[in-house]
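Student: I would like a close look at a single part of this structure. Please take me through it in one go.

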Amino acid sequence: MPESEDMADTGGTDTRRRALIRAGLSAVGTGILAPWHGAFGQGTADADDRVEFRRVVAANRILANEGVVDAFGHVSVRDPRDRERYVMSFARSPALVEFDDLMVFEQDGTPLDARGRRPYGERMIHGAIYEARADVNAVIHHHAYAVIPFSVTATPLVPLTHTAAVIGGHIPVWDIAKRFGDTDTLVRSMDIGRDLAAALADNTCVLMRGHGAVVVGASIKEAVLSAIYLEVNARIQLQTLGLSDTPVTLSDGEIALARETQFSPLGMDRAWEYYCRRAGVDPQ
Ligand code: MN
């Protein structure tokens, strides 16, 4: 049965999404438990590297389970074996990503081990940010619906609650048309990727006008937490703006302190275990 028919027959997209994720779990479980056989990349990966790559798979499952990504969106990690390379899945929906789907890319987006697999069309987002930001080791791109209103209006997305302080106090909006005119809005070249990376600057998140967002982190865990709370905060802010045009926002000092708490083991370990378990992934 074609997937579209299958989808149409099933009531409740949320239930359907979770069922899809569970169905894929036996596969991801196999990938996680299988001995490392060097299926991707040049050179070997030690135990720490393998954990990092498993977290890429976990991040895909988590972001799908939390409704941050849908059919589209992707996650990468800087390759700990070579900082000018990164690792991400081939062009597959995040809920379905398995360990053996991971591929290694040069910073310019050239795949090292394609083996016939089609890379994400917007992988240049990742390479351009790794090139510009030595402090960034994980990048997430998504189209979360709740952030879109803030990408097409003058209303800035700002952290309104302490758990969302991880998104940072300033979230710029990047408009591809300013430099590149009419496009399909996709980041298809390093030239476009570098323009986006410049707009991100030193921030954690950047919104893409009429498209989505990019979230970065020093680790996969940090990037995942920030991506989840960017979406949560966008929903809270949309609700808040129905009550008041001038809500009380977190101060810069509160943002810095709450962000530190969230990224400390007190917040991070608890959150990572929770989101992994919810997505049916073993926390690592
Ligand atoms: Mn996109």
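Tutor: The model is predicted. In it, glycine 67 follows H3. Its phi is positive, near 75°.

Now the helix. H3 runs over residues 47–65. From first C-alpha to last, its 19 residues reach 27 Å. That is close to the 27 Å expected at 1.5 Å a residue. Of these 19 residues, 14 are buried, so H3 is largely enclosed by the rest of the structure.

Next, a packing partner. Two packed helices are described by the angle between their axes and the distance between the axes. Helix H8 covers residues 220–240. The axes of H3 and H8 come within 10 Å and cross at roughly 10°. An angle under 35 degrees counts as roughly parallel, and H3 and H8 are therefore roughly parallel to each other. On the H3 side, the contact is made by Glu52, Arg55, Val56, Ala59, Ile62 and Leu63. H8 supplies Ile220, Val224 and Ala227. By class, these contact residues are seven nonpolar, two charged and no polar.

Then the core. The largest nonpolar core has 74 residues. Val56, Leu63 and Val224 are among those with the most contacts inside it.

Beyond its neighbours within four places in sequence, alanine 213 is in contact with His142, Ala144, Val147, Cys205, Val206, Leu207, Met208 and Leu230.

Terms used. Residues numbered from 1 in each chain as written. Predicted model: local features only at pLDDT ≥ 70, side-chain atom pairs only at ≥ 80, totals over all residues. Axes fitted to C-alpha atoms, helices over the stretch in contact; angles between N-to-C directions. Helix = DSSP H or I, 4+ residues; strand = E, 2+ residues; numbered from the N terminus. Parallel < 35°, antiparallel > 145°, perpendicular 65-115°, else oblique. Contact = placed C-beta atoms within 7 Å. Nonpolar A, V, L, I, M, F, W, Y, C, P; charged D, E, K, R; others polar. Expected span 1.5 Å × (residues − 1). Buried ≥ 20, exposed ≤ 12 C-beta atoms within 10 Å, placed from the backbone. Core = buried A, V, L, I, M, F, W, Y, C linked by C-beta atoms within 7 Å.
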